[in-house]
Amino acid sequence: MRIPPAMTTRRIDVAHDQDGAILEAARLLEGAGLVAFPTETVYGLGALGLEPRALERLFAAKKRPFEDPLILHVADPGWLDQLTLEVPAAVRRLTEGLWPGPLTVILSKSTAVPDIATAGLPSVAVRMPSHPLALALISAVGSPLAAPSANLFGRPSPTSAEHVLADLRDRIDAVLDAGPTSVGVESTVIDAREEDSPIILRPGGTCREKIESVLGQKVRIRESDWEETVEPTVSPGLLSRHYSPRAPVRLFRSSSDEGPVPSMSRAVRAAASSTEGPVGILAYEEDEPLLSDLPRTVRVEVVGSRSSPHIVAKNLFAALRNLDDSGVKVIFASLMGPDGLGETINDRLARAAGGKLEK
Ligand code: TXA
Ligand code: MG
């Protein structure tokens, strides 16, 4: 893998002159540059999606293996015609019902899409984001942008420009700073090419219930075989031990009939109290009564209520990074209920924990 030349990353603030900021970012991208920008899910690292030279730099900057395919971001569903051989009916229903938004669809790729974008797969992942700045930037460039999450490979996805700079400072040309993102977890990746058996490859910011109501049928979710590493060629983003902070994460699930919340927060409390040195707890509001009077070496990050998964999703990655930055040597966390975005949050927590669940 080629080492990218040294560069200084520009932070482009969009607050004062949004049009000027977009123009500057578009020029950098058109010169095969790398510019991080906000989407409604997480910050993406943008590069010309149909330009192999730009994509090579993108993989190098993120230290991402070439086997992990990229998502192409479009400003209009009409752009699908250029990128794909055909758009099956079920996929069309999804893009009509849920775009723009946190949903990525898999389609058969056309020859316009270079192999490096898809890791040699015959399929391509495409998404139309809803963030106005992302749409304006893609429109200004006038061509699809590849945009993986703007983190170093394996680190939690960035939900602010600060997170992007913490990982990629001086490895990319610029970051467009428009404040924290609203959804907080990456898009849902779905393969709905087989009309009868649509399958979610990565749970994400569009919950399964919404997808099922648009398709009018049940949707499978790819077996989250958290204990094992899945076939890398199916959806390499599903590798276990992904989205990980540096500190190991120990994840608890409910074990008794006293109700999931007390049993889990007790288990977390006991484990945290019996561990020497600085430790972190990723907690829900409901856990707080059980987490009082902890030793001073325990740092607690509250991500929101178990009954508001969209708030938890928005805070999740920042909380993991905060705990990490505070120098804790292990992070304790527990699962949420599986409704709505709970399914996505549990998926990310399980991956951060390398697939291991404790009682
Ligand atoms: O919300 C998001 O999707 C963010 C923002 C920036 O748009 N992007 C993002 O990209 O999360 P990335 O590269 O971090 O994740 C892309 C995911 C990976 O899990 C990858 O394996 C999967 O999409 N993917 C890409 N192309 C695929 C394909 N042809 N078949 C199956 N999975 C694919
Ligand atoms: Mg990623």
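**Helices α10 and α11**

I began with helix α10 (residues 309–325) and helix α11 (residues 342–352), which pack at an angle of about 25 degrees with their axes 9 Å apart. Helices here are DSSP runs of H or I with at least four residues, strands are runs of E with at least two, and both are numbered from the N terminus. Axes are lines fitted to C-alpha atoms, for helices over the stretch in contact, and angles run from 0 to 180 degrees between N-to-C directions. The angle makes α10 roughly parallel to α11; angles under 35 degrees count as roughly parallel, over 145 as roughly antiparallel, 65 to 115 as roughly perpendicular and the rest as oblique.

I noted that α10 and α11 cross in the left-handed sense. A crossing is left-handed if the near helix is turned anticlockwise from the far one by less than a right angle, and right-handed if clockwise. Pro309, Val312, Ala313, Leu316 and Phe317 of α10 make the contact with Gly342, Ile345, Arg348 and Leu349 of α11, where contact means heavy atoms within 4.5 Å. By class, this contact of α10 with α11 has 7 nonpolar, 1 polar and 1 charged residues. Ala, Val, Leu, Ile, Met, Phe, Trp, Tyr, Cys and Pro count as nonpolar, Asp, Glu, Lys and Arg as charged, and the others, Gly among them, as polar.

**Basis of the entries**

I record that this is a predicted model, in which local features need pLDDT of at least 70 and side-chain atom pairs count only at pLDDT 80 or more, while totals for chains, interfaces and linings use all residues. Residues are numbered from 1 along each chain as its sequence is written, chains are lettered from A and ligands numbered from 1 in the order in which they are written, and side-chain values use heavy atoms, with hydrogens and water left out.

**The sheet**

I then traced an open sheet of 11 strands with mixed pairing, in the order β1-β8-β2-β3-β7-β4-β6-β5-β9-β10-β11. Two strands pair if DSSP finds at least two bridges between them. β1 (10–13) and β11 (220–221) stand at the edges with a single partner strand each, so one side of each has no neighbour in the sheet. Helix α1 (residues 18–30) packs on the sheet and touches β1, β2 (35–38), β3, β7 and β8 (174–177).

I looked next at β8, which pairs with β1 in the parallel sense over 4 bridges; aspartate 13 stands opposite aspartate 177 in β8. β2 also runs parallel to β8, joined by 2 bridges, and alanine 36 has valine 175 as its bridge partner in β8. Ala174 and Leu176 on one side of β8 and Val175 and Asp177 on the other are all buried, that is, under 20% relative accessible area, with exposed over 50% and partly exposed in between (1.4 Å probe, protein chains only).

**Two single residues**

I looked up serine 123 in strand β6 (residues 123–127). Serine 123 counts as buried because its relative accessibility is 14%.

I looked up proline 158 in the loop between β7 and α7 (161–168). Proline 158 is buried, with a relative accessible area of 0%. Its contacts beyond four places in sequence include Val42, Tyr43, His163 and Arg321. The C-alpha atoms of proline 158 and arginine 321 are separated by 9.1 Å, although the two residues are 163 residues apart along the chain.
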